[in-house]
Amino acid sequence: MELKDIAGVGEKTLLGLNKLGIENVFDLITYYPRKYFVLKRSDINLVSDGELVIIDGIVISVPVMSGTYGKVCKFVFRLQGSDKIYNVVVFNKSFLCKSLKIGEYVTVIGKYDRLRNSIVSSEIRNGQKGYF
């Protein structure tokens, strides 16, 4: 089987795969990313400033779009974690601003700023506890 025979692999995807050195199905199956993260829940009291954290909590404020700067947009909301309340800042994901509701349970992944007690989020997952 060739890569072009796989459903969803078009000309553009094929070119991208070829740039990564993936020429056939065996190459695709045995391709491993150069860099990856092991995801586990964080104890906020043990993490260093600027460290990647994963926190579960409940949205306790309406997400507020606080500005659009060129192509960059930002919104902020408050998250009730297990032990305290955090400010969560999200860049370039305005579609999430409309979908987050007060009382919704979410998992936030991002860098923790101890001084501001905030998390600059790289990803937010809606849903039930134990998602990761």
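**Chatting through the chain**

Visitor: Lys 40, buried or exposed?
Guide: Lys 40 counts as exposed, because its relative accessibility is 63%. Buried means under 20% relative accessible area, exposed over 50%, and partly exposed in between, with a 1.4 Å probe and protein chains only.

Visitor: Before I go on, what kind of model is this?
Guide: This is a predicted model, where local features need pLDDT of at least 70, side-chain atom pairs count only at pLDDT 80 or more, and totals for chains, interfaces and linings use all residues. Residues are numbered from 1 along each chain as its sequence is written, and side-chain values use heavy atoms, with hydrogens and water left out.

Visitor: OK, where does Lys 40 sit?
Guide: Look in the loop between helix 2 (25-29) and strand 1. Helices (H or I, at least four residues) and strands (E, at least two) are DSSP runs, numbered from the N terminus.

Visitor: Let's zoom out. How many helices and strands does the chain have?
Guide: Three helices and six strands. Starting at the N terminus, the order is α-α-β-β-β-β-α-β-β.

Visitor: What's the radius of gyration?
Guide: The chain has 19 Å, whereas a compact globule of 132 residues would come out near 14 Å. That radius is taken over C-alpha atoms, and the globule rule is 2.2 Å times the number of residues to the power 0.38. Along its principal axes, the C-alpha trace spans about 55 × 35 × 25 Å.

Visitor: What share of the residues is buried?
Guide: 30% of the 132 residues count as buried. The accessible surface of the chain is about 9,100 Å², and 57% of that belongs to carbon and sulfur atoms. Those areas come from the Shrake-Rupley method with a 1.4 Å probe, and for residues only the protein chains shown count as cover.

Visitor: How many positive and negative side chains are there?
Guide: 19 positive and 13 negative, and the centres of the two sets lie 8 Å apart. Lys and Arg count as positive, Asp and Glu as negative, while His and the chain ends are not counted. The place of a charge is NZ of Lys, CZ of Arg, CG of Asp or CD of Glu.

Visitor: Now Asp 56. Which element is that in?
Guide: Asp 56 is in strand 1 (residues 52-59). Asp 56 counts as buried because its relative accessible area is 17%.

Visitor: Which side chains does the Asp 56 side chain make polar contacts with?
Guide: One is Arg 41, at 2.3 Å. Another is Thr 107, at 2.7 Å. A polar contact is a pair of N or O atoms within 3.5 Å; within protein, one must be able to donate a hydrogen and the other to accept it, and residues adjacent in sequence count only if both atoms are side-chain atoms.

Visitor: Tell me about Thr 107. Buried or exposed?
Guide: Thr 107 is buried, since its relative accessible area is 2%. Its place is in strand 5 (residues 105-113).

Visitor: Leaving out residues up to four places away, what else does Asp 56 touch?
Guide: The neighbours include Gln 80, Gly 81, Ser 82, Tyr 105 and Val 106. Touching here is a contact, meaning heavy atoms within 4.5 Å.

Visitor: And what does Gln 80 touch, on that basis?
Guide: Gln 80 touches Asp 56, Gly 57, Ile 58, Ile 60 and Ile 85, not counting residues up to four places away in sequence. Gln 80 lies in strand 3 (residues 72-80) and counts as partly exposed, at 29% relative accessibility. Asp 27 is 53 residues from Gln 80 in sequence and 45 Å from Gln 80 in space, C-alpha to C-alpha.

Visitor: Switching to backbone angles, what's phi at Asn 92?
Guide: Near 60°, a positive value in a residue other than glycine. Asn 92 is in the loop between strand 4 (85-91) and helix 3 (94-99), and is partly exposed, with a relative accessible area of 44%. Asn 117 has a positive phi too, near 50°, and is found in the loop between strand 5 and strand 6 (118-126).

Visitor: Last one: where's Gly 70?
Guide: In the loop between strand 2 (64-69) and strand 3. Gly 70 is exposed, with a relative accessible area of 70%.
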